[in-house]
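The following exercises concern a single protein chain.

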Amino acid sequence: MAVTVRLFARLREIAGCEELSRRVTAPVTVADVWEGMTVDWPALAPYTDSLGCAVNEQYARMTTAVHDGDEVAFLPPVSGG
């Protein structure tokens, strides 16, 4: 199945793109999608414990199931005032 992955801020810079399509094998969770991303871009791995994520524009947990055609977004922590 195919999912769209959207990356923001530093994650986008590391991967070199804002959006990409990933082939995954069901059953799959957000964490599984992220793990695949860290295999292809090891520099993403340090963000694993501090990521925010969303599925189809709704905040989600890493344990959320992902289905064919879903959009999964990963957001790094931000700081500011």
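**Exercise 1.** Determine which residues Val-5 touches, not counting residues up to four places away in sequence.

*Solution.* Step 1: contact means heavy atoms within 4.5 Å. Step 2: with that cut-off, Val-5 touches Glu-18, Glu-19, Leu-20, Arg-22, Val-33, Met-37, Val-72 and Phe-74. Step 3: the model is a predicted one, in which local features need pLDDT of at least 70 and side-chain atom pairs count only at pLDDT 80 or more, while totals for chains, interfaces and linings use all residues. Residues are numbered from 1 along each chain as its sequence is written, and side-chain values use heavy atoms, with hydrogens and water left out.

**Exercise 2.** State how many residues the largest nonpolar core has and which of them have the most contacts inside it.

*Solution.* Step 1: a nonpolar core is a set of buried Ala, Val, Leu, Ile, Met, Phe, Trp, Tyr and Cys residues joined through side-chain atoms within 4.5 Å; buried means under 20% relative accessible area, exposed over 50%, and partly exposed in between (1.4 Å probe, protein chains only). Step 2: the largest such core has 20 residues, and Val-5, Leu-7, Val-33 and Phe-74 have the most contacts inside it. Step 3: at least two residues each come from strand S1 (2–7), helix H1 (9–15), H2, strand S4 (52–55) and S7. Helices (H or I, at least four residues) and strands (E, at least two) are DSSP runs, numbered from the N terminus. Step 4: H2 gives the most, with four residues.

**Exercise 3.** Classify the one aromatic pair that a search of the whole structure finds.

*Solution.* Step 1: rings of Phe, Tyr and Trp (its six-membered ring) pair if their centres lie within 6.5 Å; planes under 30 degrees apart count as stacked, over 60 as edge-to-face and the rest as tilted. Step 2: the ring centres of Trp-34 and Phe-74 are 4.9 Å apart and their planes are at 55°, so the pair is tilted. Step 3: Trp-34 lies in helix H2 (residues 30–40) and Phe-74 in strand S7 (residues 71–75), 40 residues apart, and the pair thus links distant parts of the chain. Step 4: Trp-34 and Phe-74 are both buried.

**Exercise 4.** Decide whether Arg-22 is buried or exposed, and identify the polar contact of its side chain.

*Solution.* Step 1: Arg-22 belongs to strand S2 (residues 19–23). Step 2: its relative accessible area is 15%, so Arg-22 is buried. Step 3: a polar contact is a pair of N or O atoms within 3.5 Å; within protein, one must be able to donate a hydrogen and the other to accept it, and residues adjacent in sequence count only if both atoms are side-chain atoms. Step 4: the side chain of Arg-22 makes such a contact with the side chain of Asp-40 (2.6 Å).
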